[in-house]
Amino acid sequence: MVKVKVFDSTEAKSRERVLDPAPEVDSKSFYDIVESRRSVRIYTDDPVPEEAIHRMMDAALKSPNSSNLQVWEIHWVRSAEKREKLIHYCLGQPAASTAQELFVFVARPDRWRQNNNRMISHLKSTPGTPEKAYQYFEKITRIVYNQGPLGIFRPFKWIWFTIRGWTKPTPREPIHRGHMNVWAHKSTALACQTFMLAARAEGFDSCPMEGLDSSKVKKLLGLPRSAGITMAISIGKRAQGGVYGPRFRFPKEDFIHQH
Ligand SMILES: Cc1cc2nc3c(=O)[nH]c(=O)nc-3n(C[C@H](O)[C@H](O)[C@H](O)COP(=O)(O)O)c2cc1C
């Protein structure tokens, strides 16, 4: 890593930052992966090597995530007994029953404080951490994500954000548990996508599944009520007829807006 002096206009001063140089990449490989990823509902009996799965999970955990608080979990369901139950709770859909491997991606909004403390410890043990980074995890995250016992801070946050917002751009969320859930699911869903693209990069296929009984899946995995099931993901090699039809998308003009 190369250290460079950069001018930070917001602080109006220069200081040392780590420059992580952007390596050359092969864009064709990336777009081949994106194009060839399809939701696969029927898999072959080909096993997925364990090392490939570890690489896919490592890639997933490198996904961007809010405040780097990593409020996600990957549950790899390996035991035959739990696997049978998970397939049942995924409504017996073939994308689950024919899969070689099954995963459940879980959002953990309840982990924000614990991970925030871990982040502070990490920064403290990292020489040269800028003061602003401490401040972010010592002060800002503790205001933004803390809803108080039984959500007691909610109305005060709403009033504060609303009044402040009259004169200054002000983040309006999260101010209740629903917002916290959305917040955690956003980052976890990015991990899901990285995982599925990594599966394709390894020569395998995937299917995301939200057609499941989240309450029973949580119980199966020993998760608390505050955890959220983002989706289950099955992995394997696509079988003949495993992709149900050609890919269809509405015209992109319906979705892309330029301002
Ligand atoms: C959050 C989410 C949940 C999904 N749930 C299911 C599911 O339960 N069962 C299923 O067969 N496909 C499921 N899918 C796959 C979609 O049907 C599929 O992505 C969509 O039809 C587009 O097809 P493609 O992935 O092949 O491009 C899900 C996809 C997402 C993103």
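Predicted model: local features only at pLDDT ≥ 70, side-chain atom pairs only at ≥ 80, totals over all residues.
1. Glu-73 is buried, with a relative accessible area of 17%. The side chain of Glu-73 meets that of Arg-111 in a salt bridge, with an N to O distance of 3.4 Å. Glu-73 belongs to strand S3, while Arg-111 sits in the loop between strand S4 (101–107) and helix H5 (112–124), so the pair ties together parts that are 38 residues apart in sequence. Arg-111 counts as partly exposed, at 27% relative accessibility.

2. The pair in point 1 has further partners. Glu-73, Arg-108, Asp-110 and Arg-111 are linked in a network of salt bridges. Over the whole structure, a search finds 11 salt bridges. As background, side chains of opposite charge can pair when their charged atoms come close.

3. A salt bridge also joins Asp-205 and Arg-238, whose closest N and O atoms are 2.7 Å apart. This pair links distant parts of the chain, with Asp-205 in strand S5 and Arg-238 in the segment after strand S6 (228–236), 33 residues apart. Asp-205 counts as buried because its relative accessibility is 3%, under the 20% limit. Arg-238, at 31%, counts as partly exposed.

4. Lys-216 and Asp-213 form a salt bridge through their side chains, at 3.6 Å from N to O. Lys-216 is partly exposed, with a relative accessible area of 42%. Asp-213 counts as partly exposed too, at 26% relative accessibility.

5. The ligand site deserves a separate check. The ligand is surrounded by 13 residues, and the closest are Arg-38, Ser-39, Arg-41, Gln-93 and Gly-211. By type, the shell divides into four nonpolar, three polar and six charged residues. Strand S5 (residues 205–209) supplies the largest share of the shell, three residues.

6. An oxygen atom of the ligand is 2.7 Å from an N or O atom in the side chain of Arg-38. For Arg-41, an oxygen atom of the ligand lies 2.8 Å from an N or O atom in the side chain. A nitrogen atom of the ligand is 2.7 Å from a polar side-chain atom of Gln-93. Taken alone, the ligand exposes 620 Å², and the protein buries 67% of that.

7. Ser-67 is not a glycine, yet its phi is positive, at about 55°. Asn-68, also a residue other than glycine, has a positive phi near 55°. Ser-67 is placed in the loop between helix H2 (50–60) and strand S3 (72–77), and Asn-68 lies in the loop between H2 and S3. Ser-67 counts as buried at 15% relative accessibility, whereas Asn-68 is partly exposed at 37%.

8. The peptide bond that joins Glu-173 and Pro-174 is cis, with omega at about 0°. Pro-174 is found in the loop between H7 and helix H8 (177–201).

Technical notes. Residues numbered from 1 in each chain as written. Heavy atoms only, no water. Near = heavy atom within 4 Å. Polar contact = N/O pair within 3.5 Å; in protein donor to acceptor, adjacent residues only side chain to side chain. Areas by Shrake-Rupley, 256 points an atom, 1.4 Å probe, with all protein chains shown as cover. Helix = DSSP H or I, 4+ residues; strand = E, 2+ residues; numbered from the N terminus. Nonpolar A, V, L, I, M, F, W, Y, C, P; charged D, E, K, R; others polar. Buried < 20%, exposed > 50% of the residue type's maximum accessible area, 1.4 Å probe, protein only. Salt bridge = Lys/Arg side-chain N within 4 Å of Asp/Glu carboxyl O.
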